[in-house]
Amino acid sequence: MTNRNLLPLWEVFVRGRRGLDHIHVGSLHAYDAEQALEYARDAYTRRGEGASIWVVESRHITASQEADAESFYDPMDDKPYRHATYYKLPDAVDNM
Amino acid sequence: MAEASLESPQHRFDNRIEAEEKIEPKDWMPDGYRKNLIRQISQHAHSEVIGMQPEGNWLTRAPTLKRKCILLAKIQDEGGHGLYLYSAAETLGASREELVEALHTGHAKYASIFNYPTLTWADIGAIGWLVDGAAIVNQISLQSTSYGPYARAMVRICKEESFHQRQGYEIMVKLAEGNATQRAMAQDALDRWWWPSLMMFGPHDAESAHSAQSMRWKIKRQSNDDLRQKFVDQTVPQAEAIGLRIPDTKLVWNAARGHYDFGEIDWNEFNRVVSGNGLCNRQRLDHHKQAHEDGEWVRDALRAYAEKQA
């Protein structure tokens, strides 16, 4: 099989409304960034889901490997004191 | 003519601010808005980073391994918060290098509170309880600031910061439950940190240089005095709950207002510290410059590696 006809893959991120983070919604093939944006508009925001779209060519995304999760995140697992609930407040203090 | 002005970038910007919509990095924005944000966000970032120093002073002397771990985790968070904020400032076109440069030359400020020394272990409790407490009051308000990246950084920071205040208060609780010397140590820390904590909210509204314009642009959402009042109201009962006395003879509950009345800040001290003559101003800046210089070889190595790969 040849890749001659395969256009590059793009990842699509959509912000539903101003002030929110862009969230990954899916991917698509397109010739260039401008075309990817237009396709993303057609494919992912047909019902007005988006106030803003980012497209990033998939090959530019470096992802952590879930298989390595145990060692990758291990240093974070034994630090319950990073959570507010670890600390007990006196009864007289209702919240903090 | 009316039609043209309705379509003007300024008009769109004004409408967005009016409608409580966020401004995002690629939107047109007035120069003053951009400058004002870079000033405020970078000052906020510098504060997170400089704030690591007074606490770092106690890392090796925290009383137990558990307290060392907690303090280390907190300081690590502050470094991370500095990063979120520098990144938000960078979306406005400021470079990290020029922001750090402005700090080193004194053009950019950081929270004056970090120019006070941490003399005892109780100071670490007081910082978490009062300084982080005051910062949280301010940052909760800033979650609804008009610039999107700044608002989102605030949401992330507030979420992570909830443990900072509690760990500090818990240190105070333990000391307050201890012997007479330990209670005195807690009271002494409260005595020294109370007024500087109130100063964190800045000058009175009428005298605040940037406040009015910042409020119009909705960069700031509540006034210095309103935020300060909120902090006093929430903190006084917390002091009472552990038998500590707020060092203010004018502090009294005002039932008619539904708030505590409190005494006047010593603005001479405020101005002295802001203008560089607090107890630790020079030390804090020198230390930051030194750390920055000491890290130069790491940045050099990264650049050399990047060039080799290219």
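This is a predicted model: local features need pLDDT of at least 70, side-chain atom pairs count only at pLDDT 80 or more; totals for chains, interfaces and linings use all residues.
Is B:Glu296 buried, partly exposed or exposed? B:Glu296 is partly exposed, because its relative accessible area is 31%, where buried means under 20%, exposed over 50% and partly exposed in between (1.4 Å probe, protein chains only). Its partner in a salt bridge is B:Arg299, with the closest N and O atoms 2.7 Å apart; a salt bridge here is a side-chain nitrogen of Lys or Arg within 4 Å of a carboxyl oxygen of Asp or Glu. Both residues sit in helix α14 (residues 296–309) of chain B, three residues apart, about one turn of the helix. B:Arg299, at 27% relative accessibility, is partly exposed too.

Residues are numbered from 1 along each chain as its sequence is written, chains are lettered from A and ligands numbered from 1 in the order in which they are written, and side-chain values use heavy atoms, with hydrogens and water left out. Chain B has an average pLDDT of 95, and 98% of the residues score at least 70; pLDDT is the predictor's confidence in each residue, from 0 to 100. For the complex, the predictor gives an ipTM of 0.77 and a pTM of 0.90.

Next comes the meeting of the two chains. In chain B, 25 residues are in contact with 19 residues of chain A, contact meaning heavy atoms within 4.5 Å. About 2,000 Å² is buried between the chains, and carbon and sulfur atoms give 58% of that area; buried area is the accessible area (1.4 Å probe) that two parts lose on being put together, summed over both. On the chain B side, B:Arg152, B:Phe163 and B:Arg166 lose the most area to chain A, together 32% of what that side buries.

Charged pairs also join the chains. Five salt bridges are found across the interface of chain B and chain A. One pairs A:Asp21 with B:Arg152 (3.4 Å, N to O). A:Asp21 also forms a salt bridge with B:Arg156, the closest N and O atoms being 3.3 Å apart. This pair crosses between chains, from the loop between β1 (9–15) and β2 (23–29) of chain A, where A:Asp21 lies, to B:Arg156 in helix α8 of chain B. Helices (H or I, at least four residues) and strands (E, at least two) are DSSP runs, numbered from the N terminus. A:Asp21 is partly exposed, with a relative accessible area of 37%. A:Arg15, A:Asp21, B:Glu24, B:Arg152 and B:Arg156 are linked in a network of salt bridges.

Within chain B, B:Arg221 and B:Glu20 form a salt bridge with their closest N and O atoms 2.9 Å apart. B:Arg221 lies in the loop between α10 and α11 and B:Glu20 in the loop between α2 (9–18) and α3 (31–50), so the pair ties together parts that are 201 residues apart in sequence. The loop between α10 (211–216) and α11 of chain B also holds B:Lys218. B:Lys218 counts as buried because its relative accessibility is 16%. Leaving aside neighbours within four places in sequence, B:Lys218 is in contact with residues including B:Glu20, B:Ile17 and B:Ser144.
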